[in-house]
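Let's take a walk through this structure together. Keep the 3D view open and follow along as we go from one stop to the next.

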2 protein chains.
Amino acid sequence: MDSINIKKLAEALNLSTSTISRAFRDNSDINASTKELILSKAKELNYQPNHYASNLREQKSKTIAVIVPELANNYFSQAIHGIERVARENGYHILIYVTDDDYSKEVNFIRHLHNGRADGIIMSVSGEANDHNYLNKFGARQLPLVFFDRIYEDIETPRVVTNDYNSSFLATEHLIEQGSKRIAYLVVNKSLSIGKTRMQGYIDALEKYKLPFDENLIVDCSNSYEENSVIIKSALTELKPDGVFTSVERLAFATYYACYDLNISIPRDLKIISFSSLEIAPLLNPSLTTITQPATEIGTEAAKMLFDILSSDGDKKRPKELVLQSKIIMRNSTSNSPQKP
Amino acid sequence: MDSINIKKLAEALNLSTSTISRAFRDNSDINASTKELILSKAKELNYQPNHYASNLREQKSKTIAVIVPELANNYFSQAIHGIERVARENGYHILIYVTDDDYSKEVNFIRHLHNGRADGIIMSVSGEANDHNYLNKFGARQLPLVFFDRIYEDIETPRVVTNDYNSSFLATEHLIEQGSKRIAYLVVNKSLSIGKTRMQGYIDALEKYKLPFDENLIVDCSNSYEENSVIIKSALTELKPDGVFTSVERLAFATYYACYDLNISIPRDLKIISFSSLEIAPLLNPSLTTITQPATEIGTEAAKMLFDILSSDGDKKRPKELVLQSKIIMRNSTSNSPQKP
DNA sequence: TTGTAAGCGTTATCAA
DNA sequence: TTGATAACGCTTACAA
């Protein structure tokens, strides 16, 4: 291997390796002109301090890991974008891991990350009703962890969430005000905290308006597009809801497709509202009423929270919770007098 | 730091560090029962070989870097998803870098990555008419690089692209066949190879049908949503095109919004076709005719190509080019007799 | 202000 | 089959 390293650079300049090293660090004492000389020569030879050697020596990686259930979801790509920006501003890099909503992958990622590869983790969990106590089992090597959006409630760690209960309540209320009486709630994972919280808002809103709660109207969907198509179509034909509230955007899309196929008119026969960060919700046919989460901001705040912990030397590691507000944006999919755009 | 390392594990088991190390590597000779003993104790103590120490020793990082212009684009999130899967199958991790179409960030990322942090790079370039010779300037430390989709033609490196010229030609032809006579071409970066290739298909199709080429109908857009809104509205009102071909999906969305505002009816007054990997193109109002690139597959293939290079020990580093086929999917935005869904 | 040298946690070589 | 040891490239006391 004929690549450049600190020794060769030192030889080329007739200096010691420590002096070279100092030129690349901000704190150390070094003659300004020597530093300049070194940096220019370094640039010429394309020298960069080896990341792994530095990290081994310093015992930190300047890297954070981001674990998300999926990538093909506007919410997560926006959140990652926010995280990436904050990370870069702090001189950190980000590793991305996608669990595809598979719990075992999540466990593996987390376990693996405890080998020093990352200084901290930002995660939206993949859930299922599994044992997530594994997160507590890393003893002294415990990595700072920040949850965002999808969390495990029994794990005490800082988190950034949105006011899901309230949003769900308002969303359901909105459907009721628009005249819906049989409102189906479509969810991917009932047992996941986010599913439960959102569902409770739905249930309480029904109660407020004295609408009967029908267990069957809670439709548990899957992660497969094809399966969902079948599930939703049969729900629409058999249960005959006049309103649908979906907990993730892809279920709203699936419902649109199902309605197209079944010749159900939105919003006349069926009103739809969904959690979604889709920027082109106004362009759908009909435009989709959404509960829009501040996705980028959630990412930004989660990253800031992690950097807070990292810079406090593990001192005040008290769990913090930040709750951001989602917005309901009413559009034609829940309107009684839809406007042409 | 009281964290576990190979030495402590060795002490705990009354073995040498070399034996421990061997238990974690596949090649070395080691007694099966010793190995088992070590691995179980390791699990108990949550020991994992330190990634940075291994990498320093082995001179490789088992990490690849992915550089993309943006994340809030279905094409790139799908491509990354493909890359991530292949990487994981190969035991590699991925670092994500977003340039926001900023050339200087791209240069910085690449320069930085030459510190051993990654074993290879997969990149879709951010372009602009800049000097990209910097990519050749890393001498012995040159990292394997694979381009996908947006490339620099003058850099000789393996690449995965789609048949953009042909797709553009067919897209333009399709608009013409549907009756468009004044077709605007909306592009973000004329000078980028992908912009040029796609534009040439447009120009040649016009020629085939003896339609006049009007320079003004090439509309150079920006990366700002607000700016584009202004640019597109003035283009629509002043140039009065009856067809629009957009080179990236967000320009199609911007055109939809502009048409809504200006009361231009799609497809009656204006037909639209766009490059896009949007899975819900059929749900738009009207459903959007797209040239759909096999995004996930492009990512998968780019990753495979990189791993080919990595496993061949830099031997046969001859530039390869893989061309995948996009599909034109006709929908209502270019139809003369739009169907209700 | 600069140089010397030890050590970060691992793995490969060699010897036992 | 296992153990001792040097080396990977860097940073930081400490010495000069």
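Start in chain B, where α5(B) passes α11(B) in a right-handed crossing. Helices (H or I, at least four residues) and strands (E, at least two) are DSSP runs, numbered from the N terminus. In chain B, α5 covers residues 74-89 and α11 covers residues 295-311; the two pack at an angle of about 40°, with axes 7 Å apart. The axes are lines fitted to C-alpha atoms, for helices over the stretch in contact, and angles run from 0 to 180 degrees between N-to-C directions. So α5(B) and α11(B) are oblique to each other. As for the cut-offs, under 35 degrees is roughly parallel, over 145 roughly antiparallel, 65 to 115 roughly perpendicular, and the rest oblique.

Which residues make the contact? On the α5(B) side they include B:Y75, B:Q78 and B:A79, and on the α11(B) side they include B:A295, B:T296 and B:F307. Contact means heavy atoms within 4.5 Å. Sorted by class, the contact of α5(B) with α11(B) has nine nonpolar, five polar and two charged residues. For this sorting, Ala, Val, Leu, Ile, Met, Phe, Trp, Tyr, Cys and Pro are nonpolar, Asp, Glu, Lys and Arg are charged, and the others, Gly among them, are polar.

A word on the ground rules: this is a predicted model, where local features need pLDDT of at least 70 and side-chain atom pairs count only at pLDDT 80 or more, while totals for chains, interfaces and linings use all residues. Residues are numbered from 1 along each chain as its sequence is written, chains are lettered from A and ligands numbered from 1 in the order in which they are written, and side-chain values use heavy atoms, with hydrogens and water left out.

Now for how the chains relate. Chain B can be laid on chain A with an RMSD of 0.1 Å, by a turn of 180° and a shift of 0.0 Å along the axis. That is the relation of a two-fold axis. The superposition is by least squares on the C-alpha atoms of residues with pLDDT of at least 70 in both copies. The copies meet through the same surface, because 100% of the interface residues of chain B are also interface residues in chain A.

Next, some backbone details. Most residues other than glycine have a negative phi, and most peptide bonds are trans. In chain A, though, a cis peptide bond joins A:I266 and A:P267, with omega about 5°; A:P267 sits in the loop between α10 (249-262) and β9 (271-275). Another cis bond runs from A:N285 to A:P286, with omega near -5°, and A:P286 is in the loop between β9 and β10 (289-292) of chain A.

A:D101 has a positive phi of about 60° although it is not a glycine. Its loop lies between β2 (93-98) and α6 (103-113) of chain A. B:K240, also not a glycine, has a positive phi near 45°, in the loop between α9 (225-239) and β8 (243-246) of chain B. Buried or exposed? A:D101 is buried, at 11% relative accessible area, whereas B:K240 is exposed, at 59%. Buried means under 20%, exposed over 50%, and partly exposed in between (1.4 Å probe, protein chains only).

Note on methods: Left-handed = near helix turned anticlockwise from the far one by under 90°.
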